[in-house]
Amino acid sequence: MAVCGLLGLAAWSFCVLVLAVQPHRAYGSIRGSLGINKGVVASPANGLCASSVIVHGYKCQELEVTTQDGYILSLQRIPEGRVGGTAGTKSKKQPVLIQHGVLVDGMTWLLNPPEQDLPLILADNGFDVWIANTRGTRFSRRHVSLDPSQPAFWNWSWDELVTFDLPAVFDFVYGQTGQKIDYVGHSLGTLVGLASFSEGKLVNQLKSAAFLSPIAYLSHMKSALGVIAAKAFVGEITTLLGLAEFNPKGEPVGDFLKSLCANPAVDCYDLLSELTGKNCCLNSSTVDLFLLNEPQSTSTKNMVHLSQTVRNGVVAKYNYGRPDYNLMHYGDVIPPIYNLSNIPHELPIFFSYGGLDALSDVRDVTLLLDSFKFHDVDKLSVQFIKDYAHADFIMGVNAKDIVYNQVVAFFKNQH
């Protein structure tokens, strides 16, 4: 496959690095219908419910949540399973929030047939499923006063996902259901969750958490292209490229990726394996569907922050590159660390990671797990899958049998 045809996938693969202060408030609204409309295949432009959920016979609702800093986020709710499924009872269902990685959106959970997709599997098992979509992605490109064409719209990193996006969605789901929430994150979705929970945010609204292909420490990332890209994403790149939005489908980012592929250490003819590891269990038609829908935009500042995590070997807030700027933002010349060992020891947590993952490397996951050495032993579950790489956790044809059934059992065990 030619390099140019894979540039979008390259951006996604590196960033799916991958692929929520004070009391917070969220503002929500509801649109669309919970009705089933079988047989209708809609464009994703009409929303994830129409394109990927209702068409399979599930009820689905499109919602909007406004963060404290003004971003309007898209959120989908699948309140029950298909008619005749175990979720067809009238009892109050347990809410579960699913958070994607970077440069993708909620669509990545819905690319396989319905019986293989985690949100629909959870719905069929009696859960009230909520799918988050991070700021900057196609359904979350609105703001109360800013426009995506303005650089100020893109002035954020994953710190803001910790501080604003995740709390807004948690507040809304908790307000709608009145119940503590089960959380599932993949890749960057794990980093945002871990950072948030380590600061005590949301823990009073959280029931348990499942982290798939967890990203926190990235020093041992095996991807040559990923390491080269991380070294290239120094703070000056924003000025260098004149970019606020990092759009993998745009020409400036395409040129940047081509320059990385010129490095002889990089194999750009098999970028998915080059960047995520040798995925064992992907269906080619699912990968094709992925390429039709992803990748999505993020901010260049977010890319810089992720690269700092790779280079510096710590989980810390964004480094502005100047002591006076850091002092202004943090009251210290060094950005604060997210201390993951502060996550409540009684919180039920499930980790699942792969032996072939080039981004969530086994050595880095081992370092992450060391932060949980004082965790209540009966509250921590760890699954290691020798043959799995990064993308297998969201698109693997056997992920239901190997991973998702374990997630369902873990959540049910907490109830």
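How many disulfides does the structure hold? Hi everyone, let's start there. The answer is one, and I'll come back to that link in a moment.

First, a word on what we are looking at. This is a predicted model, so please keep the confidence values in mind as we go. The mean pLDDT of the chain is 82, with 76% of the residues at 70 or more. Over residues 1-27, though, the pLDDT is below 50, and this stretch has 108 contacts in the model beyond near neighbours in sequence. Residues 30-43 also stay under 50, and there the model has 29 contacts beyond four places in sequence.

Now the overall picture. The chain has 415 residues, and 58% of them count as buried. You can find 15 helices and 12 strands in it. The chain exposes about 15900 Å², with 53% of that supplied by carbon and sulfur atoms.

Back to the disulfide. Its partners are Cys49 and Cys60, with sulfur atoms 2.0 Å apart. Cys49 sits in helix α2, while Cys60 is in the loop between α2 and β2, so the pair ties together parts that are 11 residues apart in sequence. The link is left-handed, with -65 degrees about the S-S bond. Are these two cysteines buried or exposed? Both Cys49 and Cys60 are buried.

Next, please find strand β3, residues 71-78. Eight of its eight residues are buried. In a regular strand, side chains alternate between the two faces of the sheet. Here, Tyr71, Leu73, Leu75 and Arg77 lie on one side, Ile72, Ser74, Gln76 and Ile78 lie on the other, and all are buried.

Which strands pair with β3? One is β2, which pairs with β3 in the antiparallel sense over six bridges. Leu63 has Leu75 of β3 as its bridge partner. These two strands form a hairpin with four residues between them, and Gly70 in the turn has a positive phi of about 95 degrees. Strand β5 also runs antiparallel to β3, joined by four bridges, and Ile78 stands opposite Val129 there. Then there is β6, antiparallel to β3 over two bridges, where Tyr71 has His143 as its partner.

One last stop: His305, in helix α11. His305 is buried, with a relative accessible area of 1%. Leaving aside neighbours within four places in sequence, His305 has contacts that include Trp158, Asp159 and Tyr318.

Note on methods
Residues numbered from 1 in each chain as written. Predicted model: local features only at pLDDT ≥ 70, side-chain atom pairs only at ≥ 80, totals over all residues. Heavy atoms only, no water. Disulfide = S-S within 2.5 Å. Buried < 20%, exposed > 50% of the residue type's maximum accessible area, 1.4 Å probe, protein only. pLDDT = per-residue confidence, 0-100. Contact = heavy atoms within 4.5 Å. Areas by Shrake-Rupley, 256 points an atom, 1.4 Å probe, with all protein chains shown as cover. Pairing = 2+ DSSP bridges.
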